[in-house]
Amino acid sequence: MKTENKQTKRGLWSIMTPVMPAIWTGMVLAGLGAVAGIGVLVLMAYAVHIIVSGADASVALNNIMPVLLFVAVVYFLLKTFSFQVSHLAAFRLEQILRTELSEHLARVPLGFIINTGSGALKKVMLDDVKNLHAFVADTTPFIGRTAVAPILSLILMFVLDWRLAVAGVSVLFIGGVIMSVVMRDSEILRKDYEQSQEQINSAVIEFVQAMPVVRTFDDGTSSFGRYNKALDYFRVSLSRWVEKTGVSGRLGIIILSAVPTLISVSAAGAFFIHKGTLDFSVFLASLFISTGMADAMMPLMWLTNFIKKSGASAIRIQEILDTKTLAEPDNPKFPKSFDVEFENVSFRYEDRDEYALKDVSFIVPQGTVTALVGPSGAGKSTVAKLIPRFWDVECGMIRIGGADIRDISTEALMNTVSFVFQDTFLFHDSIASNILMANSHASSDDMIEAAKAAQIHDFIMSLPDGYETKAGDRGVRLSGGQKQRITIARAILRNSPVVVLDEATAFADPENEEEIIRAISNLTKNKTVIVIAHRLSTITDVNSIVVFDKGKVSETGRHDELLMKDGVYARLWKNYIKAQDWHMQQEKGEHRGNR
């Protein structure tokens, strides 16, 4: 078995490897721009010095101004190009990451998708990738500038006058100390903040998807509960962050701005000029450069925080990309027949201690219908989800045609088994596209034949745009029975030899139920069928019934045989009959009351 288990090197910079040449180019251009910007300040100071010193002003204008203008244009061009390069790299990285994430998620076990949840995955694929886009586009040029400008400015200030350099640096040092105190708990606070955002994402998705139920049944006390709880958690985490960093953060902003540095250098310069130990031109040049140094240091106030935030996004993306994909066989096998066998299968979910299935064994012969029944939570749905490898079994083996499903390629397994569950899903696309996704090579005639077999063709043709009619988001424009028959048409077009069916008629109205039963009959003709049964009256004629209880196979046999055993199935049957009698008695009582 070959398992993809790559462990990428964790970190912000490692995830940007595909676009690092462009990032370095942008940073170098920004750094050169910073040098040009300091050059502008030096030339301005020199020009003012010449004018103040009493020299002919025309000399300054004729000799300095053209150079000053040229350097200013270079500064502007370098700054502009650095951001253009970084933005192009950001868009490229966004494309790469979203492509890698989508392709990787298509190969991981579906159980991972279910456990992780749509809210968390949405945050990674949208919000975290967007954070990295913003970091590459806007922050990396600032890093190049911040790495060059303060150092160069500091060197120049020490060359001009070390005393003024100390005066300027002391202010920035105090601001840096304050900011380090502000940021000391930032990682914990940020993690709490990010978790609160994930909860809001999940709650919003759930709330929007459940809106029809909320609007119909809920008075707001329960449906808004989880959403409000997520909002409260977000508010508390954000308030805690602001409370711990608000005052000191604002103080750091003030100190790291240009004004305090300007005041400090001005005061020191005035003092030394008064003492006669400082030339005015040196003071003026130092004043200009110190202002540039403060402006260059200012991004550090938020740069560290943004780097940590982007680093957290990078780690979450890498955690998804590091998730193990389904193991693919080195030498794939193909089923020799289409019987399905569970042999001593045990399985438990990652977040649970107890086994969902324990030592389960049964066989579904090719071309037969086997029903899985049992109390709620007995393991029926787990059996169905293990066949397409939502998860791999912990112990034992599942075979199709004598081949372990782990030795069958994923593509071959999906071509062998079709699934029809109660929870239907249609894309916001045409009905034709929703059916044809089962077989991209099928013709329009094949699609129509599948729709006819699924008892949905006449309804589709009654629509204004026929097969080109949009199904709506999750098929919202169609009834439950109509959506179910479209998904059955999809499975018929797939034409897989093994069908796993979560009883599709459980919640259908009588008219739709009859059509769905005919559709299912066409779907399962000459197929190996596994039915998760809810209405026991629909499985009295199946070839075999496997009864589950507490994750184990309790008994197997046909309907009459199991009734004679007077076991779990007999108890379920009695309860089912009582429920039907209760409905009948209730209806009779209502009729008598209306007389």
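## Helix pair α16 and α18

Helix axes are lines fitted to C-alpha atoms over the stretch in contact, and the angle between two axes runs from 0 to 180 degrees between their N-to-C directions. In this predicted model, the axes of α16 (residues 444–453) and α18 (residues 480–494) cross at roughly 125° and come within 8 Å. That angle makes α16 oblique to α18, because angles of 65 to 115 degrees count as roughly perpendicular and those over 145 as roughly antiparallel. The crossing of α16 with α18 is right-handed.

On the α16 side, the contact is made by Asp446, Met447, Ala450, Ala451 and Ala453; on the α18 side, by Ala489, Ile492 and Leu493. Of the residues in this contact, seven are nonpolar, one is charged and none is polar.

## The chain as a whole

The chain has 595 residues, and 46% of them are buried. Its secondary structure consists of 21 helices and ten strands.

## Nonpolar cores

The largest nonpolar core contains 33 residues, and the members that touch the most others are Phe342, Phe362, Leu372, Leu386 and Phe548. Strands and helices both contribute two or more residues to this core: β1 (340–347), β2 (357–364), β4 (395–400), β7 (498–502), β8 (528–532) and β9 (544–549), together with α13 (380–386) and α14 (410–416). Another core, of 31 residues, lies apart from this one; Val420, Met447, Ile456 and Ile486 are among its members.

Leaving aside residues up to four places away in sequence, Phe342 touches Val360, Ser361, Phe362, Val383, Ile387, Met397 and Ile398.

## Two loop residues with positive phi

Asn495 is located in the loop between α18 and β7. Its phi is near 55°, a positive value in a residue other than glycine. Asn495 has a relative accessible area of 52% and is therefore exposed. Leu523 is 28 residues from Asn495 in sequence, and their C-alpha atoms are 8.0 Å apart.

Asp566 is found in the loop between α20 (559–565) and α21 (568–593). Phi of Asp566 is also near 55°, again positive in a residue other than glycine. With a relative accessible area of 53%, Asp566 is exposed.

Definitions and conventions
Residues numbered from 1 in each chain as written. Predicted model: local features only at pLDDT ≥ 70, side-chain atom pairs only at ≥ 80, totals over all residues. Heavy atoms only, no water. Core = buried A, V, L, I, M, F, W, Y, C linked by side-chain atoms within 4.5 Å. Buried < 20%, exposed > 50% of the residue type's maximum accessible area, 1.4 Å probe, protein only. Helix = DSSP H or I, 4+ residues; strand = E, 2+ residues; numbered from the N terminus. Contact = heavy atoms within 4.5 Å. Parallel < 35°, antiparallel > 145°, perpendicular 65-115°, else oblique. Left-handed = near helix turned anticlockwise from the far one by under 90°. Nonpolar A, V, L, I, M, F, W, Y, C, P; charged D, E, K, R; others polar.
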